[in-house]
Amino acid sequence: MERLQTDHLDVYQFHGVPSLEEADKILGPGGALETFVAARDQGLIRHIGFSAHSQEAAVRLLDAFPFDSMLLPINTACWSVGGLGPAAVEKAVEKGTGILALKSLA
């Protein structure tokens, strides 16, 4: 934090969660989520989020923990052809999780 010249980060995200197995590692006992929550409790980070390239992984994460944000590729190809987006976005809305879109012009 000293090198970043700050005392906290606004958002810290799990990046590119690719599968259910990876989501389960993050969420499991001794997983990275425990470290993120401890950092939040210490005031080192304010919000916890994730990005995913798997709708199933995104939904698993959203069902397991009240994440503050979710970053997904949201575009016609992913949404209509690849099946990435609809269920994850619906779940995020249901949970009150912020939705961040990337690759929207792809």
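Tutor: Strand β2 (residues 45-52), helix α3 (residues 55-64) and strand β3 make a right-handed β-α-β unit. Right-handed means that, with the strands pointing away from the viewer, the path from the first strand over the helix to the second runs clockwise. Helices (H or I, at least four residues) and strands (E, at least two) are DSSP runs, numbered from the N terminus.

Student: What sort of model is this?

Tutor: This is a predicted model, in which local features need pLDDT of at least 70 and side-chain atom pairs count only at pLDDT 80 or more, while totals for chains, interfaces and linings use all residues. Residues are numbered from 1 along each chain as its sequence is written, and side-chain values use heavy atoms, with hydrogens and water left out.

Student: In what order do the four strands of the open sheet come?

Tutor: The order is β1-β2-β3-β4, with parallel pairing. β1 (9-17) and β4 stand at the edges with a single partner strand each, so one side of each has no neighbour in the sheet. Neighbouring strands are turned by 25° against each other on average, direction ignored; axes are lines fitted to C-alpha atoms, for helices over the stretch in contact, and angles run from 0 to 180 degrees between N-to-C directions.

Student: How many bridges join β3 to β4?

Tutor: Five bridges join β3 to β4 (residues 98-102), and serine 69 stands opposite glycine 98 there. On its other pairing, β3 meets β2 over three bridges, with methionine 70 as the partner of phenylalanine 50. Two strands count as paired if DSSP finds at least two bridges between them.

Student: Is β3 mostly covered or open?

Tutor: Mostly covered: five of the five residues in β3 (residues 69-73) are buried, where buried means under 20% relative accessible area, exposed over 50% and partly exposed in between (1.4 Å probe, protein chains only). Ser69, Leu71 and Pro73 point one way, and Met70 and Leu72 the other.

Student: Where is threonine 97?

Tutor: Threonine 97 is in the loop between α5 (86-95) and β4. Its relative accessible area is 7%, so threonine 97 is buried. Leaving out residues up to four places away in sequence, threonine 97 touches Leu62, Phe67, Asp68, Ser69, Met70 and Ala92; contact means heavy atoms within 4.5 Å. A polar atom of the threonine 97 side chain lies 3.2 Å from the backbone oxygen of phenylalanine 67.

Student: Salt bridges next. How many?

Tutor: The count comes to five, taking a side-chain nitrogen of Lys or Arg within 4 Å of a carboxyl oxygen of Asp or Glu. One of them joins aspartate 10 and arginine 46, with the closest N and O atoms 3.6 Å apart. Aspartate 10 lies in β1 and arginine 46 in β2, so the pair ties together parts that are 36 residues apart in sequence.

Student: Which residue meets arginine 60 in a salt bridge?

Tutor: Aspartate 24 does, at 2.6 Å from N to O. Arginine 60 is in helix α3 and aspartate 24 in helix α1 (residues 20-27), so parts 36 residues apart in sequence are tied together.

Student: And what about aspartate 63 and lysine 91?

Tutor: Their side chains meet in a salt bridge at 2.9 Å, N to O. Aspartate 63 lies in helix α3 and lysine 91 in helix α5, so this pair ties together parts that are 28 residues apart in sequence. Salt bridges that share partners join Asp63, Lys91 and Glu94 into one network.

Notes:
Polar contact = N/O pair within 3.5 Å; in protein donor to acceptor, adjacent residues only side chain to side chain.
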